[in-house]
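Please look through the sequence and the structure below before reading on.

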Amino acid sequence: MPDKLFYKIGEVGRITGLPPYVLRFWETEFPSLHPKKSKGKQRIYTQKEIDLALQIKKMLYQEGMTIAGAKKRLSRSERSAAESAQDALWTIKKELEEVLHILS
């Protein structure tokens with residue numbers, strides 16, 4: 001896989017093995033798969049979006065999940081990641097408060 005910051009939909013199709021029309025359809029079904037558009041109105045995917053497309057492909061084609069099931073799993077994992085980040089921030093805040101207390 002080439003090391004680039006942005007990929008056009010045709011490149012993403014070759015990388016993922018998915019036709020562009022499938023990627024465009026998935027954009028309507030999975031809100032987190034939402035590439036930006038260039039000034040010329042071309043879809044510009046990041047590596048994160050390519051990874052997400054591959055994850056969706058695995059859930060649908062290899063694990064046999066429905067689109068609704070894949071949406072639920074992604075929603076849960078996004079929520080879980082957000083909660084983990086929130087927990088980490090809370091821990092950092094508490095540690096900084098302790099340092100501030102020690103310094104005062």
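Why does Leu89 count as exposed? Leu89 counts as exposed because its relative accessibility is 60%, where exposed means over 50%, buried means under 20% and partly exposed lies in between, with a 1.4 Å probe and protein chains only. This is a predicted model, in which local features need pLDDT of at least 70, side-chain atom pairs count only at pLDDT 80 or more, and totals for chains, interfaces and linings use all residues. Residues are numbered from 1 along each chain as its sequence is written, and side-chain values use heavy atoms, with hydrogens and water left out.

Leu89 is found in helix H4, which covers residues 67-103; helices are DSSP runs of H or I with at least four residues, numbered from the N terminus. Tyr21, in helix H2 (residues 20-29), also counts as exposed, because its relative accessibility is 57%. Between the C-alpha atoms of Tyr21 and Ile9, which are twelve residues apart along the chain, the separation is 9.4 Å.

Turn now to Glu49, which belongs to helix H3 (residues 47-62). Glu49 is buried and yet has no salt bridge, a term for a side-chain nitrogen of Lys or Arg within 4 Å of a carboxyl oxygen of Asp or Glu. The nearest side chain of opposite charge is that of Lys36, 6.3 Å away, where Lys and Arg count as positive, Asp and Glu as negative, and His and the chain ends are not counted. If neighbours within four places in sequence are left aside, Glu49 is in contact (heavy atoms within 4.5 Å) with Leu33, His34, Pro35 and Ile44.

Conventions:
Helix = DSSP H or I, 4+ residues; strand = E, 2+ residues; numbered from the N terminus.
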